[in-house]
Amino acid sequence: MVFDPMSHGKLYLLGDAAHIVPPMSAKGIHLALHDAEVFARAVIRHATEGDSRLLDTYSETCLPHIWNYQAFATWITDTMHNAGSALPEGDFKKRIARAELQRQFASESANKLFSELTAGTN
Ligand SMILES: Cc1cc2nc3c(=O)[nH]c(=O)nc-3n(C[C@H](O)[C@H](O)[C@H](O)COP(=O)(O)OP(=O)(O)OC[C@H]3O[C@@H](n4cnc5c(N)ncnc54)[C@H](O)[C@@H]3O)c2cc1C
């Protein structure tokens, strides 16, 4: 779930109040801290310089980062957990998941991207 925009008037949503990510990849705290840093910088700018532009763009600054990690968390959760059910598509999903995971070992590029997303630097 993601609230877009993450603010309304003088109300600003940060962390889990603004977005819930799937559990795999442990991005909840990372995203909450990212929101807090963007928001803190915006409040300091507003308080010290009377410049509200960072507050006005808080939501659009945070959301691309959030959706990037929503996509990663959704992908890895599906790959690790939503594969191999008894439904007709179960075996197909299991094979897709294995191919996805195998790619992490076989491809340096895939491994590099995975590392960046895991570390939160992407
Ligand atoms: C079981 C579990 C395991 C998790 N494991 C991981 C993990 O390994 N890695 C990871 O990155 N994320 C993990 N998460 C997600 C992570 O905990 C959250 O994404 C993160 O804590 C969000 O931070 P937050 O500050 O937005 O919210 P919270 O940490 O929930 O902080 C909100 C605070 O507000 C307080 N509060 C609520 N209502 C009021 C009120 N009316 N007045 C005053 N205070 C109030 C609450 O008591 C709480 O202290 C896990 C979550 C769960 C439930």
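A polar contact is taken here as a pair of N or O atoms within 3.5 Å. I note at the outset that the model is predicted.

**Entry 1**

I then looked up Asp16 and found one of its polar side-chain atoms 2.7 Å from a ligand oxygen atom. For Gly28, I recorded a polar backbone atom 3.4 Å from an oxygen atom of the ligand. I next examined the accessible area: the ligand taken alone exposes 1,000 Å², and the protein buries 24% of that.

**Entry 2: the shell around the ligand**

Which residues are around the ligand? I listed Leu14, Gly15, Asp16, Ala26, Lys27, Gly28, Ile29 and Ala32. Sorted by class, this shell holds four nonpolar, two polar and two charged residues.

**Entry 3: helices α3 and α4**

Helix α3 covers residues 58–81 and helix α4 covers residues 90–106. I found that their axes come within 9 Å and cross at roughly 120°. The crossing of α3 and α4 is left-handed.

Which residues of α3 meet α4? I noted Trp75, Thr79 and Met80 on the α3 side, and Ala97, Glu100, Leu101 and Gln104 on the α4 side. I classed the residues of this contact as four nonpolar, two polar and one charged.

Methods
Residues are numbered from 1 along each chain as its sequence is written. This is a predicted model: local features need pLDDT of at least 70, side-chain atom pairs count only at pLDDT 80 or more; totals for chains, interfaces and linings use all residues. Side-chain values use heavy atoms; hydrogens and water are left out. Axes are lines fitted to C-alpha atoms, for helices over the stretch in contact, and angles run from 0 to 180 degrees between N-to-C directions. Helices (H or I, at least four residues) and strands (E, at least two) are DSSP runs, numbered from the N terminus. A crossing is left-handed if the near helix is turned anticlockwise from the far one by less than a right angle, and right-handed if clockwise. Contact means heavy atoms within 4.5 Å. Ala, Val, Leu, Ile, Met, Phe, Trp, Tyr, Cys and Pro count as nonpolar, Asp, Glu, Lys and Arg as charged, and the others, Gly among them, as polar. A residue is near a molecule or strand if one of its heavy atoms lies within 4 Å of it. A polar contact is a pair of N or O atoms within 3.5 Å; within protein, one must be able to donate a hydrogen and the other to accept it, and residues adjacent in sequence count only if both atoms are side-chain atoms. Accessible areas come from the Shrake-Rupley method with a 1.4 Å probe; for residues, only the protein chains shown count as cover.
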